[in-house]
Amino acid sequence: MAFYSGLDGQLYLDGSKIGKVQNWSLNASQAVLETTSLEDTDRTLINGVRSMSGSCRVFYHSNGDASDFINNIIKSGATSSEDGAATQSTTVLFKLHVNSTKYIEVYAWITGVSMSMAVGEVFSVDVTFEVSGHAKAETL
Amino acid sequence: MSVYLGYTGSVELDRDSTDTPLETTLDPSDVNVSRRRFAVDFNVAALVTGDKVEIATVDGSTLQLVSGHNYPDGAWYIHIDEAGGIRLYNQFQASLSGQQDDAVELVAPSAAQNITLQTKNDRYRFMAKIRDFELTTSRDTIDLTSLGNEFRNQYEQGLISGQGTLNCFWESDPSITGTGYGSSQAEFPSYLARLVVRVQQGADFNGRFFIFAGSVGQPESVWYEAKCIVTNAAVSVSNEGAIETRIDFVTSEQVVLKQGRLPAYLLQEDGEYLLQEDGSRLLQED
């Protein structure tokens, strides 16, 4: 098959396949440091640090797919309004599949979970994440 | 196999009533007794010619406005002239023409009187001069397709909405065109055009859109019933054809497709209508 589309895509979170994903995206960037000196005629660069971040949208469904994202960043159990201490968040393992054999696997911090309930729309969760370290695996 | 033809279709319109009364101070100088018209302090664009308006005193004293009327309130049909003056009529049809001779005789109040005006429209009337109408009901679709799905997946319970168009010949005053509607008391397309520019109360009306209007008592009629809001009124005037108007509207709240007997009013033996406490006519189904 020459092309891939949403039909082939998948998203795994900590080894579990998420069933109601509408989309995912991953952005990788390479920072550069300028080394251009006096009398240089052309700009010169050296490599800085790489970074990756991404996002996905998941429909909230009774099977709890979206809950895995929500529970990572929203911790319950406070005993009073002044209680600011609860369980800390941890990194999660995203496995972003283009098809069943081609994927990128990264550890990431979930940095944002945005939910909105609106008339005429299905309740869904927008998730943003920042990748920590290099990719664990990549088969693209 | 038989088919329905357009001549069995029609549209009925019920003017909506205001929720809150409009308040004004009626000074003796506001009433022109000889010309049977009076003026109000608020923007008269809140009312439309043909509206049935209940006029009442704020303090419950006798309303000093209509000759021979010695009650704190009363309801009349109104005509608003080009200068913003109001005439009162006992008949809907007469209020559309606005003739001075048909208007109710007025008296000037002895002193300034605080009064309220509130529209009390309570019955459906046929719309005249309609060439054709179209009503579309639709349901929103919300895409639920997920990664890996081979077929598009839609949420089945999206919101329902309706919209439509009325194409009519322009008519605003039957006394000018000589089209005698007599006791039919039909509404004219100009009313819908005026709704668009009506202030305060908005541009809503209740509509019945008959696909097939059978004979009274026979369970064969089919019609849509909906509360509508006029969104667009276009008038086209050309030198080689009839003046036409196109009214676009959207529905608000529930749209119902009904089938069965036509709504009909209960009558007394003498042919007069049985009325409810609010003055509206009693339907057979009530």
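User: What should I know about numbering and cut-offs?

Analyst: Residues are numbered from 1 along each chain as its sequence is written, and chains are lettered from A in the order in which they are written. In this predicted model local features need pLDDT of at least 70, side-chain atom pairs count only at pLDDT 80 or more, and totals for chains, interfaces and linings use all residues, while side-chain values use heavy atoms, without hydrogens and water.

User: How many residues does the contact take from chain A and from chain B?

Analyst: Contact means heavy atoms within 4.5 Å. Chain A gives 14 residues and chain B gives eleven residues.

User: What area is buried between chain A and chain B?

Analyst: Interface size is often given as the accessible area lost when the parts come together. Buried area is that loss with a 1.4 Å probe, summed over both parts. Here it is about 980 Å², and carbon and sulfur atoms give 67% of it. A:Leu7, A:Phe59 and A:Val122 supply 41% of the area that chain A buries against chain B.

User: How many salt bridges are counted between chain A and chain B?

Analyst: A salt bridge puts a side-chain nitrogen of Lys or Arg within 4 Å of a carboxyl oxygen of Asp or Glu. The count between chain A and chain B is zero.

User: Is A:His97 buried or exposed?

Analyst: Buried means under 20% relative accessible area, exposed over 50%, partly exposed in between (1.4 Å probe, protein chains only). A:His97 is buried, because its relative accessible area is 4%. Not counting residues up to four places away in sequence, A:His97 touches residues including A:Trp24 and A:Tyr103.

Conventions. Buried area = accessible area lost by both parts, 1.4 Å probe.
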